Amino acid sequence: MISTNDLRPGVTVEIDGEVYMVIDFQHVKPGKGAAFVRTKIKNVKTGQVFERNFRAGERLNRAIVERKTMQYLYQASDTYYFMDTKTYEQIPLTKEQLGDAILYLKENLEVVVMFYEGVPIGVELPTFVELTVVDTEPGFKGDTATGGSKPATLETGAVIQVPLFIEKGDVVRVDTRTGEYLSRV
């Protein structure tokens with residue numbers, strides 16, 4: 001059991017038999033009434049994110065989630081295969097279990113697979129990934145000074161906004177938390 005005062009991003013809790021991960025939290029002390037904790041939590045099985053308030057000091061069951069570093073191997077239809085780098089054991093995860101993570105999965109990428117009671121429930125991507133631009137409109141001379149952006153399709157199928165000077169074939173660094181362009185590699 002943990003107190004709502006101990007909630008931090010990344011902490012997993014069990015509510016009504018479901019496992020949730022805290023994405024964001026805020027302690028709120030209104031001028032009138034009791035203090036409470038406003039949280040944004042994500043269902044680790046379905047990927048659904050919603051906000052929920054808890055009374056300050058309320059007790060929650062902590063969900064023990066095991067994390068293993070694994071390597072993404074390949075995709076076969078809607079199933080994605082990962083390999084434990086120590087035991088070489090392979091596990092499949094479905095498109096639903098991965099959610100938006102599939103937009104940044106590249107073969108041989110090291111990810112952290114989360115297990116709850118021995119069952120894989122999802123992955124944690126590295127904070128940044130480097131992906132190749134496979135399609136974007138051509139840039140024109142002088143476009144770098146305007147500060148504009150254009151859509152670019154990456155090798156994994158993700159579409160992000162990039163500066164006008166990025167061309168087809170460039171490798172870009174992307175923040176997997178927000179899906180934003182960071183820099184050209």
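**Figure 1. Glutamate 130 and its salt-bridge partner in the predicted model.** Glutamate 130 is partly exposed, with a relative accessible area of 33%. The model shown here is predicted. Glutamate 130 forms a salt bridge with arginine 173. The N to O distance is 2.5 Å. Arginine 173 is partly exposed as well, at 30% relative accessibility. Glutamate 130 sits in strand β12 (residues 128-136) and arginine 173 in strand β15 (residues 171-175), so the contact ties together parts that are 43 residues apart in sequence.

**Figure 2. The salt bridge between aspartate 170 and arginine 184.** The side chains meet at 3.6 Å, N to O. This pair links distant parts of the chain, 14 residues apart. Aspartate 170 lies in the loop between β14 and β15. Arginine 184 belongs to strand β16 (residues 180-184). Aspartate 170 has 17% relative accessibility. The cut-off for buried is under 20%, so aspartate 170 counts as buried. Arginine 184, at 46%, is partly exposed.

**Figure 3. The salt bridge between lysine 106 and glutamate 155.** The closest N and O atoms are 3.8 Å apart. The cut-off is 4 Å, so the pair qualifies as a salt bridge. Lysine 106 is in the loop between α1 (95-98) and β10 (110-116). Glutamate 155 is in the loop between β13 (149-154) and β14 (159-163). The pair therefore ties together parts that are 49 residues apart in sequence. Lysine 106 is partly exposed, with a relative accessible area of 33%. Glutamate 155 is partly exposed too, at 37%. The structure holds 6 salt bridges, this pair being one of them.

**Figure 4. An open sheet of 5 strands.** The strand order is β14-β13-β12-β15-β16. Pairing is antiparallel. β14 and β16 stand at the edges. Each has a single partner strand, so one side of each is left without a neighbour in the sheet. From one strand to the next, the twist averages 55°. Two strands of this sheet, β12 and β15, carry glutamate 130 and arginine 173, respectively.

**Figure 5. The pairing of β15 with β16.** These strands run antiparallel and are joined over 4 bridges. Valine 174 stands opposite tyrosine 181 in β16.

Technical notes:
Residues numbered from 1 in each chain as written. Predicted model: local features only at pLDDT ≥ 70, side-chain atom pairs only at ≥ 80, totals over all residues. Heavy atoms only, no water. Buried < 20%, exposed > 50% of the residue type's maximum accessible area, 1.4 Å probe, protein only. Pairing = 2+ DSSP bridges. Axes fitted to C-alpha atoms, helices over the stretch in contact; angles between N-to-C directions.
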